[in-house]
Amino acid sequence: DDAATNAITEAVMHFEVDRQSTDDCLRAIRHDVCAVLDDVARAVTDWKAMRGHLQQVLEQLHSAPPRLPPSLPAPQAWPGQISEALEFLRWVDNNHFTFLGYESLHLQHDGDDLRLHVRPGSGLGLLHGDSGSSMAFAKLTPDLRRLALDPQLLVLSKSSTRSTVHRPSYLDYIGLKQFDDEGQVVGEHRFLGLYTSAAYNRVPRDIPLLREKVQRIVERAGYPANSHAAKAIVNILDNFPRDELFQLDEAELQHTTMGILHLQERRRVRLFIHRDKFARFYSCIVYVPRERFNTANRLLIQEILQGTLGAYESDFNVHLSESVLARLYFVMRVHPGEEVNV
């Protein structure tokens with residue numbers, strides 16, 4: 001009936017805070033709560049507009065795909081990169097990504113340096129109101145800033161900011177580079193959000209971009225298709241930390257996959273470490289004999305890694321299965337530009 005149609009759906013939430021007696025503390029609590037509520041309101045209000053920008057990007061890629069400079073190697077791979085990017089973005093839009101922020105950026109050459117500027121009025125959701133130069137980009141070293149010129153159409157990474165909406169994870173970053181008529185990078189569409197649970201529950205062979213990675217890694221390993229080793233590689237990749245599958249380049253992922261395969265269920269400790277291309281974090285995959293795994297050893301490993309890498313913050317995840325090995329996954333946050341020999 002009309003009453004039901006016009007009803008407002010609400011979720012009632014109850015919070016309890018230990019008694020606070022200082023005015024400064026109460027003001028800080030009020031500020032933080034109001035800031036989070038503002039973020040939630042902006043994300044919800046701008047959600048359709050963010051998806052609308054993604055639809056525009058899809059239409060532009062389909063009707064007027066960007067050119068690749070002829071001077072660059074392997075131009076024949078460019079159409080395939082565009083096709084797979086289109087499929088991935090369609091997959092993202094099919095309830096596999098919670099959109100929380102969007103902005104359009106312009107890449108400016110300043111002598112030998114590069115600057116990334118937010119296009120006025122383009123910010124939506126958590127990025128609403130952003131203007132001027134991208135501070136995160138400005139903090140990168142000149143060599144890292146030049147990665148913006150790499151003609152890689154799609155960039156998948158993690159933001160250096162935790163989400164204040166949905167769940168307190170670091171925001172997932174989907175960047176789609178913009179090119180001029182000569183095939184030079186001139187800007188970027190940037191989407192921030194969180195992959196949904198469905199994205200983590202699907203096997204990589206069902207996800208655009210990942211499916212090609214998996215297929216090529218299995219083929220390059222050189223084992224017969226139905227052999228035990230080939231099946232073991234597929235199983236390793238199916239259970240690989242999903243964020244790593246999105247972020248690692250193919251060569252690095254293959255090296256790690258083969259290293260895990262060669263463990264052969266041996267009861268030994270093994271570390272695989274990867275550095276974020278923008279030098280903001282290290283991801284560490286540690287295998288330990290399952291019977292030796294406990295909280296004390298996990299804390300010890302985490303402390304060693306954090307001290308060695310100079311991390312100011314770390315997260316962890318533990319994966320236990322029928323294997324004789326337990327897998328620990330750490331993400332170590334470091335200040336951009338700090339060099340560590342590992």
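Strand E9 covers residues 281-289, and nine of its nine residues are buried. Helices (H or I, at least four residues) and strands (E, at least two) are DSSP runs, numbered from the N terminus.

E9 pairs with strand E8 (residues 270-275) in the antiparallel sense over six bridges; two strands pair if DSSP finds at least two bridges between them. Ile 273 stands opposite Cys 284 in E9. E8 and E9 form a hairpin with five residues between them, and Ala 279 in the turn has a positive phi of about 60°. E9 is also joined to strand E11 (residues 325-333) by nine bridges, and these two strands run antiparallel. There, Val 288 has Ala 326 in E11 as its bridge partner.

## Model and confidence

This is a predicted model: local features need pLDDT of at least 70, side-chain atom pairs count only at pLDDT 80 or more, and totals for chains, interfaces and linings use all residues. Residues are numbered from 1 along each chain as its sequence is written, and side-chain values use heavy atoms, with hydrogens and water left out.

The mean pLDDT of the protein is 87, and 92% of its residues reach 70 or more; pLDDT is the predictor's confidence in each residue, from 0 to 100. Confidence is lowest in strand E4 (residues 132-133), at a mean of 58, and highest in helix H11 (residues 295-309), at 96.

## Nonpolar cores

The largest nonpolar core has 74 residues, of which Phe 88, Leu 89, Ile 174 and Tyr 195 touch the most other members. Helix H3 (residues 78-93) gives the most to this core, with seven residues. Apart from it lies another core, of 13 residues, among them Tyr 282, Leu 328, Phe 330 and Met 332. A nonpolar core is a set of buried Ala, Val, Leu, Ile, Met, Phe, Trp, Tyr and Cys residues joined through side-chain atoms within 4.5 Å.

Leaving aside residues up to four places away in sequence, Tyr 195 touches Phe 88, Trp 91, His 96, Phe 97, Leu 156, Arg 167, Asp 172, Ile 174, Tyr 200 and Phe 246. Contact means heavy atoms within 4.5 Å.

## Strand E7

Ten of the eleven residues of strand E7 (residues 185-195) are buried, so E7 is largely enclosed by the rest of the structure. Strand E1 (residues 97-110) pairs with E7 in the antiparallel sense over nine bridges, and Gly 101 has Leu 192 in E7 as its bridge partner.

Strand E6 (residues 170-179) is joined to E7 by eight bridges, and the two run antiparallel. Here the bridge partner of Gly 175 is Arg 190 in E7. E6 and E7 form a hairpin with five residues between them, and Gly 183 in the turn has a positive phi of about 85°.

A search of the whole structure finds one cavity of 30 Å³ or more. A cavity is a set of points, on a 1 Å grid over the protein atoms alone, where a 1.4 Å probe fits but cannot get out; lining residues have an atom within 4 Å of a point. The largest cavity is lined by Leu 156, Ser 157, Asp 172, Tyr 195, Asp 243, Phe 246 and Gln 247. Strand E5 (154-162) and helix H9 (242-247) are the elements that give two or more residues to this lining, and H9 gives the most, with three residues.

In helix H8 (residues 228-238), eight of the eleven residues are buried. The buried residues of H8 pack against helix H7 (210-221), H9 and helix H10 (250-261).

## Loop residues with positive phi

Most residues other than glycine have a negative phi. Asn 95, in the loop between H3 and E1, has a positive phi near 60°. Asn 95 is exposed, with a relative accessible area of 60%.

His 166, in the loop between E5 and E6, has a positive phi near 80°. His 166 also counts as exposed, at 59% relative accessibility.

Terms used:
Buried means under 20% relative accessible area, exposed over 50%, partly exposed in between (1.4 Å probe, protein chains only). On a 1 Å grid over the protein atoms alone, a cavity is a set of points where a 1.4 Å probe fits but cannot get out, and a pocket is an open set with protein on both sides within 12 Å along at least five of seven lines; lining residues have an atom within 4 Å of a point. Grid points are joined across faces, edges and corners, and a volume is the space filled by probe spheres set on the points.
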